Amino acid sequence: MFANIYKGKTVLITGHTGFKGSWLATWLIKLGAKVVGVSNGIPTNPSMFEIAGIADHMTDTREDIRNLEGIKKIILDIKPDFVFHLAAQAIVSTSYKNPVDTLETNVMGTANILEALRNYTHPCVAIFITSDKCYDNVEWIWGYRETDHLGGKDIYSGSKGAAELVIKSYRHSFFGTTHPVRIGIGRAGNVIGGGDWAIDRLVVDCMCAWNEGRNVEIRSPQATRPWQHVLEPLSGYLRLGQTIFESAERHGEAYNFGPRAEQNQTVVNLLHDLAQKWGFKNTHDAYLITDNIPFHEAGLLKLNCDKALSHLKWESTLGYPETISLISDWYIGYYKAHADMWNFTLEQINTYEQKAVDRNRSWAKS
(Lines give C-alpha, C1' and ligand atoms only; values in the text may rest on other atoms or scores of the structure.)
Protein backbone atom coordinates (compact mmCIF):
# COMPACT_ATOMS: atom_id res chain seq x y z
CA MET A 1 0.00 0.00 0.00
CA PHE A 2 1.22 3.50 -0.91
CA ALA A 3 4.45 1.91 -2.24
CA ASN A 4 5.39 1.14 1.40
CA ILE A 5 6.69 4.69 1.87
CA TYR A 6 5.25 5.01 5.39
CA LYS A 7 6.86 1.83 6.71
CA GLY A 8 9.46 2.70 9.34
CA LYS A 9 8.86 6.44 8.95
CA THR A 10 8.12 8.78 11.86
CA VAL A 11 4.69 10.34 11.27
CA LEU A 12 3.30 13.16 13.37
CA ILE A 13 -0.49 13.51 13.47
CA THR A 14 -2.05 16.55 15.09
CA GLY A 15 -5.57 15.88 16.33
CA HIS A 16 -4.92 12.14 16.53
CA THR A 17 -7.50 11.64 19.29
CA GLY A 18 -10.38 12.86 17.11
CA PHE A 19 -12.53 10.82 14.75
CA LYS A 20 -10.49 11.19 11.55
CA GLY A 21 -7.24 11.29 13.49
CA SER A 22 -7.99 7.98 15.20
CA TRP A 23 -8.68 6.25 11.89
CA LEU A 24 -5.56 7.79 10.31
CA ALA A 25 -3.37 6.78 13.25
CA THR A 26 -4.69 3.21 13.12
CA TRP A 27 -4.09 2.94 9.39
CA LEU A 28 -0.56 4.32 9.60
CA ILE A 29 0.27 1.95 12.44
CA LYS A 30 -0.98 -0.88 10.25
CA LEU A 31 1.26 0.42 7.44
CA GLY A 32 4.29 0.13 9.74
CA ALA A 33 4.81 3.79 10.58
CA LYS A 34 6.13 5.05 13.91
CA VAL A 35 3.18 7.27 14.80
CA VAL A 36 3.38 10.20 17.19
CA GLY A 37 0.21 12.08 18.01
CA VAL A 38 -0.26 15.53 19.49
CA SER A 39 -3.61 16.66 20.87
CA ASN A 40 -4.85 18.84 23.68
CA GLY A 41 -7.10 16.06 24.98
CA ILE A 42 -9.80 13.53 24.19
CA PRO A 43 -12.55 15.48 22.38
CA THR A 44 -15.54 13.21 23.04
CA ASN A 45 -16.89 10.67 25.51
CA PRO A 46 -17.01 7.96 24.36
CA SER A 47 -14.14 8.22 21.91
CA MET A 48 -12.79 5.85 19.30
CA PHE A 49 -9.25 6.65 20.45
CA GLU A 50 -9.96 5.22 23.91
CA ILE A 51 -12.37 2.45 22.88
CA ALA A 52 -9.91 0.98 20.38
CA GLY A 53 -6.91 1.44 22.69
CA ILE A 54 -4.99 3.27 19.98
CA ALA A 55 -2.59 4.84 22.50
CA ASP A 56 -1.15 1.37 23.17
CA HIS A 57 0.25 1.28 19.63
CA MET A 58 1.77 4.76 19.26
CA THR A 59 3.31 7.72 21.10
CA ASP A 60 0.49 9.79 22.57
CA THR A 61 1.39 13.36 23.58
CA ARG A 62 -0.58 16.34 24.90
CA GLU A 63 -0.11 19.87 23.62
CA ASP A 64 -2.31 22.68 22.35
CA ILE A 65 -1.52 23.63 18.75
CA ARG A 66 -2.00 27.25 19.80
CA ASN A 67 1.20 26.93 21.86
CA LEU A 68 3.90 27.66 19.28
CA GLU A 69 6.88 26.88 21.49
CA GLY A 70 5.38 23.57 22.57
CA ILE A 71 4.75 22.57 18.95
CA LYS A 72 8.28 23.59 17.94
CA LYS A 73 9.76 21.42 20.69
CA ILE A 74 7.73 18.35 19.70
CA ILE A 75 8.76 18.62 16.05
CA LEU A 76 12.44 19.15 16.89
CA ASP A 77 12.40 16.26 19.37
CA ILE A 78 10.74 13.62 17.19
CA LYS A 79 12.06 14.75 13.77
CA PRO A 80 9.04 13.61 11.72
CA ASP A 81 9.33 12.43 8.12
CA PHE A 82 5.64 13.20 7.60
CA VAL A 83 3.18 15.54 9.31
CA PHE A 84 -0.58 15.27 8.96
CA HIS A 85 -2.23 18.32 10.46
CA LEU A 86 -5.82 17.48 11.38
CA ALA A 87 -6.19 19.28 14.72
CA ALA A 88 -9.06 21.76 14.50
CA GLN A 89 -12.29 23.01 15.98
CA ALA A 90 -14.46 21.10 13.52
CA ILE A 91 -18.04 21.64 14.70
CA VAL A 92 -20.12 24.32 12.96
CA SER A 93 -22.51 24.82 15.91
CA THR A 94 -19.55 25.28 18.27
CA SER A 95 -18.14 27.99 16.01
CA TYR A 96 -21.31 30.02 16.62
CA LYS A 97 -20.89 29.65 20.38
CA ASN A 98 -17.13 30.17 20.49
CA PRO A 99 -16.07 32.08 17.37
CA VAL A 100 -12.75 33.40 18.70
CA ASP A 101 -11.68 29.97 19.94
CA THR A 102 -12.55 28.54 16.53
CA LEU A 103 -10.47 31.18 14.74
CA GLU A 104 -7.53 30.80 17.11
CA THR A 105 -7.48 27.02 16.73
CA ASN A 106 -8.10 26.76 13.00
CA VAL A 107 -6.12 29.76 11.80
CA MET A 108 -3.35 30.35 14.35
CA GLY A 109 -3.03 26.63 15.04
CA THR A 110 -2.29 26.09 11.35
CA ALA A 111 0.13 29.03 11.34
CA ASN A 112 1.97 27.51 14.33
CA ILE A 113 2.52 24.20 12.54
CA LEU A 114 3.89 26.08 9.53
CA GLU A 115 6.06 28.29 11.71
CA ALA A 116 7.45 25.27 13.55
CA LEU A 117 8.36 23.72 10.19
CA ARG A 118 9.81 26.93 8.72
CA ASN A 119 13.29 26.38 10.14
CA TYR A 120 13.08 22.58 10.15
CA THR A 121 16.07 21.07 8.37
CA HIS A 122 15.00 17.42 8.11
CA PRO A 123 13.28 16.30 4.86
CA CYS A 124 9.57 16.16 5.56
CA VAL A 125 6.19 16.13 3.83
CA ALA A 126 3.46 18.07 5.65
CA ILE A 127 -0.17 17.52 4.64
CA PHE A 128 -2.61 20.16 5.89
CA ILE A 129 -6.23 19.04 6.14
CA THR A 130 -8.80 21.80 5.82
CA SER A 131 -12.40 21.24 4.66
CA ASP A 132 -14.79 21.55 1.75
CA LYS A 133 -16.22 24.42 3.81
CA CYS A 134 -13.18 26.50 2.85
CA TYR A 135 -14.98 27.36 -0.40
CA ASP A 136 -17.30 30.33 -0.73
CA ASN A 137 -20.53 28.35 -1.11
CA VAL A 138 -22.75 30.15 -3.62
CA GLU A 139 -25.26 27.26 -3.58
CA TRP A 140 -24.63 26.14 -7.15
CA ILE A 141 -25.11 22.56 -8.34
CA TRP A 142 -21.60 22.07 -9.74
CA GLY A 143 -18.68 20.66 -7.82
CA TYR A 144 -16.19 23.19 -6.47
CA ARG A 145 -12.72 23.12 -7.99
CA GLU A 146 -9.45 23.94 -6.27
CA THR A 147 -9.30 27.26 -8.17
CA ASP A 148 -12.71 28.49 -6.94
CA HIS A 149 -13.07 31.32 -4.42
CA LEU A 150 -12.35 30.59 -0.77
CA GLY A 151 -14.18 31.98 2.22
CA GLY A 152 -17.55 31.54 3.84
CA LYS A 153 -20.56 33.20 5.39
CA ASP A 154 -20.18 31.54 8.79
CA ILE A 155 -17.29 31.50 11.25
CA TYR A 156 -16.31 27.88 10.68
CA SER A 157 -16.15 28.31 6.89
CA GLY A 158 -14.30 31.58 7.31
CA SER A 159 -11.75 29.96 9.60
CA LYS A 160 -11.05 27.25 7.04
CA GLY A 161 -10.73 29.75 4.21
CA ALA A 162 -8.38 31.85 6.33
CA ALA A 163 -6.27 28.79 7.18
CA GLU A 164 -5.90 28.13 3.46
CA LEU A 165 -4.63 31.68 2.89
CA VAL A 166 -2.11 31.25 5.71
CA ILE A 167 -0.85 28.01 4.14
CA LYS A 168 -0.57 29.68 0.74
CA SER A 169 1.34 32.68 2.07
CA TYR A 170 3.75 30.54 4.10
CA ARG A 171 4.34 28.23 1.18
CA HIS A 172 5.27 31.08 -1.18
CA SER A 173 7.19 33.08 1.45
CA PHE A 174 9.25 30.34 3.09
CA PHE A 175 8.83 26.88 1.54
CA GLY A 176 10.53 27.23 -1.82
CA THR A 177 11.85 24.45 -4.04
CA THR A 178 15.07 24.09 -2.01
CA HIS A 179 13.37 23.85 1.39
CA PRO A 180 13.46 20.35 2.91
CA VAL A 181 9.77 20.55 3.83
CA ARG A 182 7.19 19.97 1.11
CA ILE A 183 3.54 20.89 1.62
CA GLY A 184 0.21 19.57 0.41
CA ILE A 185 -3.40 20.47 1.20
CA GLY A 186 -6.37 18.10 1.41
CA ARG A 187 -9.99 19.24 1.30
CA ALA A 188 -12.92 16.95 2.11
CA GLY A 189 -16.32 17.06 3.75
CA ASN A 190 -19.39 15.09 4.83
CA VAL A 191 -17.13 12.40 6.27
CA ILE A 192 -18.93 9.63 8.16
CA GLY A 193 -17.86 6.36 9.71
CA GLY A 194 -17.75 4.24 12.81
CA GLY A 195 -16.16 5.76 15.89
CA ASP A 196 -17.50 9.29 15.53
CA TRP A 197 -19.14 10.82 18.60
CA ALA A 198 -18.86 14.54 17.84
CA ILE A 199 -21.90 16.68 18.57
CA ASP A 200 -24.44 17.78 15.97
CA ARG A 201 -23.62 15.07 13.44
CA LEU A 202 -26.36 12.97 11.91
CA VAL A 203 -24.80 9.51 12.18
CA VAL A 204 -23.66 10.16 15.74
CA ASP A 205 -27.08 11.42 16.79
CA CYS A 206 -28.70 8.33 15.24
CA MET A 207 -26.45 5.78 16.89
CA CYS A 208 -26.60 7.39 20.34
CA ALA A 209 -30.39 7.75 20.21
CA TRP A 210 -31.06 4.26 18.91
CA ASN A 211 -28.73 2.69 21.44
CA GLU A 212 -30.77 4.41 24.16
CA GLY A 213 -34.08 3.32 22.63
CA ARG A 214 -35.00 6.81 21.43
CA ASN A 215 -35.89 8.10 17.99
CA VAL A 216 -33.57 10.73 16.59
CA GLU A 217 -34.59 14.32 15.86
CA ILE A 218 -33.63 15.58 12.41
CA ARG A 219 -33.84 19.14 11.11
CA SER A 220 -33.54 19.01 7.34
CA PRO A 221 -34.71 15.62 6.02
CA GLN A 222 -34.44 16.58 2.33
CA ALA A 223 -31.00 18.19 2.58
CA THR A 224 -28.61 16.41 0.23
CA ARG A 225 -24.99 15.65 1.04
CA PRO A 226 -22.21 13.78 -0.79
CA TRP A 227 -21.56 11.36 2.07
CA GLN A 228 -18.24 9.52 2.14
CA HIS A 229 -16.73 6.96 4.48
CA VAL A 230 -13.79 8.26 6.51
CA LEU A 231 -11.33 5.90 4.81
CA GLU A 232 -12.00 7.54 1.43
CA PRO A 233 -10.45 10.97 2.14
CA LEU A 234 -7.78 9.36 4.33
CA SER A 235 -6.66 7.30 1.34
CA GLY A 236 -6.45 10.59 -0.54
CA TYR A 237 -4.36 12.26 2.15
CA LEU A 238 -2.00 9.29 2.29
CA ARG A 239 -1.79 9.20 -1.51
CA LEU A 240 -1.00 12.93 -1.56
CA GLY A 241 1.74 12.39 1.03
CA GLN A 242 3.17 9.58 -1.08
CA THR A 243 3.10 11.64 -4.29
CA ILE A 244 4.80 14.67 -2.77
CA PHE A 245 7.37 12.45 -1.07
CA GLU A 246 8.23 10.87 -4.40
CA SER A 247 8.33 14.12 -6.37
CA ALA A 248 8.41 17.86 -5.61
CA GLU A 249 6.17 18.52 -8.62
CA ARG A 250 2.99 18.63 -6.46
CA HIS A 251 4.56 20.69 -3.66
CA GLY A 252 2.17 23.37 -2.44
CA GLU A 253 -0.87 22.04 -4.31
CA ALA A 254 -4.41 21.66 -2.90
CA TYR A 255 -6.64 18.68 -3.73
CA ASN A 256 -10.29 17.83 -3.25
CA PHE A 257 -11.21 14.34 -2.06
CA GLY A 258 -14.85 13.38 -2.44
CA PRO A 259 -17.15 10.49 -3.30
CA ARG A 260 -18.77 9.43 -6.54
CA ALA A 261 -22.04 11.05 -7.60
CA GLU A 262 -24.13 8.13 -6.33
CA GLN A 263 -23.12 9.05 -2.78
CA ASN A 264 -25.28 12.18 -2.98
CA GLN A 265 -28.15 11.16 -0.73
CA THR A 266 -30.74 13.02 1.30
CA VAL A 267 -30.58 13.01 5.06
CA VAL A 268 -33.73 10.93 5.24
CA ASN A 269 -32.41 8.35 2.77
CA LEU A 270 -29.23 7.93 4.79
CA LEU A 271 -31.25 7.66 7.96
CA HIS A 272 -33.59 5.00 6.54
CA ASP A 273 -30.65 2.90 5.35
CA LEU A 274 -28.84 3.13 8.69
CA ALA A 275 -32.07 2.37 10.59
CA GLN A 276 -32.67 -0.75 8.52
CA LYS A 277 -29.16 -2.00 9.30
CA TRP A 278 -29.70 -1.23 13.00
CA GLY A 279 -32.77 -3.47 13.01
CA PHE A 280 -35.81 -1.21 12.77
CA LYS A 281 -38.72 -3.09 11.17
CA ASN A 282 -40.36 0.23 10.31
CA THR A 283 -37.65 2.79 9.62
CA HIS A 284 -40.14 5.64 10.09
CA ASP A 285 -40.04 4.80 13.80
CA ALA A 286 -36.37 5.75 13.88
CA TYR A 287 -36.73 9.53 13.66
CA LEU A 288 -38.75 12.64 14.38
CA ILE A 289 -38.64 15.71 12.15
CA THR A 290 -38.26 19.00 14.00
CA ASP A 291 -38.30 22.59 12.78
CA ASN A 292 -35.59 23.56 15.25
CA ILE A 293 -32.73 24.91 13.12
CA PRO A 294 -30.53 26.88 15.57
CA PHE A 295 -27.89 27.98 13.05
CA HIS A 296 -27.41 28.48 9.32
CA GLU A 297 -26.90 25.27 7.36
CA ALA A 298 -25.58 25.48 3.80
CA GLY A 299 -27.28 23.71 0.95
CA LEU A 300 -25.54 21.17 -1.25
CA LEU A 301 -21.78 21.63 -1.36
CA LYS A 302 -19.96 19.04 -3.43
CA LEU A 303 -16.44 18.83 -4.72
CA ASN A 304 -14.98 18.33 -8.17
CA CYS A 305 -12.18 15.77 -7.74
CA ASP A 306 -10.84 15.75 -11.30
CA LYS A 307 -7.52 17.22 -10.19
CA ALA A 308 -6.91 14.38 -7.73
CA LEU A 309 -7.75 11.86 -10.44
CA SER A 310 -5.45 13.54 -12.97
CA HIS A 311 -2.45 14.36 -10.75
CA LEU A 312 -2.61 11.66 -8.08
CA LYS A 313 -4.51 8.90 -9.89
CA TRP A 314 -6.86 8.91 -6.89
CA GLU A 315 -10.57 8.18 -6.92
CA SER A 316 -13.03 6.96 -4.33
CA THR A 317 -13.38 3.23 -3.81
CA LEU A 318 -16.66 2.50 -2.02
CA GLY A 319 -20.21 2.46 -3.29
CA TYR A 320 -23.00 3.90 -1.16
CA PRO A 321 -24.28 0.50 0.14
CA GLU A 322 -20.73 -0.44 1.18
CA THR A 323 -20.40 2.84 3.07
CA ILE A 324 -23.63 2.16 4.95
CA SER A 325 -22.53 -1.39 5.81
CA LEU A 326 -19.14 -0.35 7.16
CA ILE A 327 -20.64 2.36 9.36
CA SER A 328 -23.45 0.19 10.69
CA ASP A 329 -21.19 -2.78 11.33
CA TRP A 330 -18.76 -0.67 13.37
CA TYR A 331 -21.39 0.77 15.71
CA ILE A 332 -23.19 -2.58 16.02
CA GLY A 333 -19.84 -4.17 16.81
CA TYR A 334 -19.35 -1.66 19.63
CA TYR A 335 -22.85 -1.25 21.05
CA LYS A 336 -24.32 -4.72 20.51
CA ALA A 337 -21.50 -7.24 20.01
CA HIS A 338 -19.01 -5.62 22.44
CA ALA A 339 -16.24 -6.50 20.02
CA ASP A 340 -12.52 -5.80 20.35
CA MET A 341 -12.68 -2.50 18.49
CA TRP A 342 -8.94 -2.29 17.74
CA ASN A 343 -9.07 -5.54 15.80
CA PHE A 344 -12.51 -4.71 14.41
CA THR A 345 -11.19 -1.41 13.02
CA LEU A 346 -8.15 -3.14 11.52
CA GLU A 347 -10.49 -5.64 9.84
CA GLN A 348 -12.48 -2.80 8.29
CA ILE A 349 -9.26 -1.23 6.98
CA ASN A 350 -8.32 -4.64 5.57
CA THR A 351 -11.69 -4.83 3.84
CA TYR A 352 -11.27 -1.36 2.37
CA GLU A 353 -7.73 -2.09 1.18
CA GLN A 354 -8.86 -5.29 -0.51
CA LYS A 355 -11.67 -3.49 -2.32
CA ALA A 356 -9.11 -0.94 -3.50
CA VAL A 357 -6.86 -3.71 -4.79
CA ASP A 358 -9.78 -5.41 -6.55
CA ARG A 359 -10.76 -2.08 -8.15
CA ASN A 360 -7.20 -1.31 -9.21
CA ARG A 361 -6.73 1.87 -7.19
CA SER A 362 -3.23 3.21 -7.74
CA TRP A 363 -2.43 3.76 -4.07
CA ALA A 364 -3.25 0.13 -3.25
CA LYS A 365 -0.15 -1.09 -5.07
CA SER A 366 2.91 -1.96 -2.98
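**Stop 1: a tryptophan on the outside**

Start by selecting Trp142: its relative accessible area is 59%, so it counts as exposed (over 50%; buried is under 20%, partly exposed in between, using a 1.4 Å probe and protein chains only). Before you click on, know that this is a predicted model, where local features need pLDDT of at least 70 and side-chain atom pairs count only at pLDDT 80 or more, while totals for chains, interfaces and linings use all residues. Residues are numbered from 1 along each chain as its sequence is written, and side-chain values use heavy atoms, leaving out hydrogens and water.

Trp142 sits in the loop between E5 and H6.

**Stop 2: helix H6**

Next, select residues 155-174, which form helix H6.

Asp154 caps the N-terminal end of H6, with a side-chain oxygen 3.1 Å from the backbone nitrogen of Tyr156.

Now colour the buried residues of H6, among them Tyr156, Ala163, Ile167 and Tyr170. An α-helix has 3.6 residues a turn, so residues three or four places apart point the same way. The cover over the buried residues of H6 includes helix H4 (92-97), helix H5 (99-118), strand E5 (124-129) and strand E6 (181-187).

Zoom in on Ser159, also in H6. Is Ser159 buried or exposed? Buried, with a relative accessible area of 0%. Show its neighbours too: leaving aside residues up to four places away in sequence, Ser159 touches Thr102, Leu103, Asn106 and Val107 (contact means heavy atoms within 4.5 Å).

**Stop 3**

Most residues other than glycine have a negative phi, and most peptide bonds are trans. Here are some exceptions to look up.

- Asn45 and Pro46 are joined by a cis peptide bond, with omega about 5 degrees; Pro46 lies in the loop between strand E2 (34-39) and helix H2 (48-51).
- Ala3 has a positive phi of about 55 degrees, and is found in the segment before strand E1 (10-14).
- Asn190 has a positive phi near 55 degrees. Asn190 is in the loop between E6 and strand E7 (191-192), and is buried at 15% relative accessible area.

Key
Helices (H or I, at least four residues) and strands (E, at least two) are DSSP runs, numbered from the N terminus. The expected span of a helix is 1.5 Å times one less than its number of residues. A polar contact is a pair of N or O atoms within 3.5 Å; within protein, one must be able to donate a hydrogen and the other to accept it, and residues adjacent in sequence count only if both atoms are side-chain atoms.
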